[in-house]
Amino acid sequence: MGYTVLVVDDSETIRGALARAFGMAKLPMDEIIQARDGLEAIEVLRERWVDIVLTDINMPRMGGEQLVQAMKADPAFADIPVAVVSTEGSQTRVEGLRRAGIAGYLRKPCRPEEIRELLHQVLGDWK
Amino acid sequence: MNEEMRQALEIVSIRILEDAAFLFVEPADEGARPGPDWRAAGAELRWTGPREGTMRVWAEPSLLRVLSANMLGIEEDEPAAEAAGPDALREILNMVVGNCLTEAWGPGPVFHLEVPLEADPDLLVGDAEDGFWILAEERPMLFRCGGPP
Amino acid sequence: MSARVVVGISERSFSTQAGDQVVTHALGSCVGVVIHDPQACVGGILHYMLPASSLDPDKSRTNPFMFGDTGIPAFFKEAYALGAVKDRMRVVIAGGARVIESVQTLDIGARNVVIARKLFWKNGVMIAAEDVEGNRPRTLFLEVGSGKTWFTTRGEVFAL
């Protein structure tokens, strides 16, 4: 039994790199689902079981902040942990995201070791 | 180019290219800059907030493939590296702008970064005049930061 | 009987004896890479000086361990040949200091670290612990039996 991870980022390079880092971290995974923006992510969440969401902030159509707000406002998704992986450096915005209920935050560029640490922080130990 | 952003660029661009794409980077002196027939692909990112601006980055297509291959951890001759090159350049720009804004103005202000887009090739000639040149893996790369368009 | 295996500059050494200690001195801008597999009881240190063999292809043929891009793959292959298994290995890096403070000088230490990260990322190797860059010289130690890794600098000891 592994995790189903939803990765939300408009960059295919970042989605690919994150998937590689999950494998290196030996995260037990059933599936990695990819979405290009917040709206696509919401569609996935309506149709699929997801254990954790990793999302960017600046994306077309619906960004990460709106995605977090939409998830926290919907009882069906409110308990799914969301971690933000973004270039965002504004403390004000990151604190706002933390108040909105994100489970973790990592600034790009990030190393695979930092991604593993973020996953441990959100999901606990898996060994 | 805005002086705060230029100084930030000098520090940030090299660090981002090293950290995100494992490239060896150094500032390019005038002799190392390419001539007017230089062919490059560009990406552009605009931001709004307490200060508004635009940054563009230009690099030759062969370097784009190196960027994406390194970021994805694959070989340069794999088709996925070729396909992801322009996306990798846009994402590098995204990281450079995000980190430059914090470097220049601190962690307080909230900026809104738009989605990075392909740059209009006609803008390359003007950008080459007053942009910031570096050498990444001994190949030229150009950043140009300006006010709102 | 326990022994101390000393790794020189542009060299690598392994031990499969639980009582042994592997050590490398004078890591300035050079990088030291530790590999340890507790189950196979294999431990080693590589001490490379420069990032890329393109700087001197002739030298890289006679001594691949001088350069990160040729030394790291060769070092890992030797570890596998001794019985180490990638999934069990603990990998640690140290060094890559900026020894000379000058804007004009290329930061070889930083590049030595970049090449290690690049190769590890491409080959799916996670770094378990690291202490890199800055401006302090380091001496790196590995205890083969326990896998304990540490470095010393200016009289202080730090676990890795």
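Predicted model: local features only at pLDDT ≥ 70, side-chain atom pairs only at ≥ 80, totals over all residues.
Chain B contains four helices and seven strands. Read from the N terminus, these elements follow the order α-β-β-β-α-α-β-β-α-β-β. The radius of gyration of chain B is 14 Å, close to the 15 Å that the globule rule gives for 149 residues, so chain B is as compact as a globular protein of that length. Along the principal axes, the C-alpha atoms of chain B occupy a box of roughly 45 × 30 × 25 Å. Of the 149 residues in chain B, 48% are buried. Among the contacts in chain B with a separation of 6 or more, 69% are between residues 24 or more positions apart.

Chain B touches chain A through 25 residues of its own, and chain A contributes 20 residues to this contact. On the side of chain B, the elements that give two or more residues are helix H1 (3-21), helix H2 (61-72) and helix H3 (79-105). The largest share of this side, eleven residues, belongs to H3(B). By class, the side of chain B that touches chain A consists of 14 nonpolar, seven polar and four charged residues.

Chain B is also in contact with chain C, where six residues of chain B meet eight residues of chain C. The side of chain C that touches chain B has four nonpolar and four charged residues, and no polar ones.

The largest nonpolar core comprises 120 residues. Those with the most contacts inside this core are Val57(B), Ile92(B) and Val33(C). H3(B) supplies the largest share of the core, twelve residues. Leaving aside residues up to four places away in sequence, Val33(C) touches Ile45(C), Leu46(C), Ile72(C), Phe75(C), Val91(C), Ile93(C) and Ala116(C).

Chain C holds an open sheet of five strands in the order E1-E3-E8-E9-E10, with mixed pairing. Strand E1 (4-7) and strand E10 (156-159) of chain C lie at the edges and have a single partner strand each, so one side of each is left without a neighbour in the sheet. Direction ignored, neighbouring strands of this sheet are turned by 25° against each other on average. Within the sheet, strand E8 (residues 138-143) and strand E9 (residues 149-153) of chain C run antiparallel and are joined by four bridges. Phe141(C) has Trp150(C) in E9(C) as its bridge partner.

Key:
Residues numbered from 1 in each chain as written. Chains lettered and ligands numbered in written order. Contact = placed C-beta atoms within 7 Å. Nonpolar A, V, L, I, M, F, W, Y, C, P; charged D, E, K, R; others polar. Core = buried A, V, L, I, M, F, W, Y, C linked by C-beta atoms within 7 Å. Buried ≥ 20, exposed ≤ 12 C-beta atoms within 10 Å, placed from the backbone. Pairing = 2+ DSSP bridges. Axes fitted to C-alpha atoms, helices over the stretch in contact; angles between N-to-C directions. Rg over C-alpha atoms; globule rule 2.2 N^0.38 Å.
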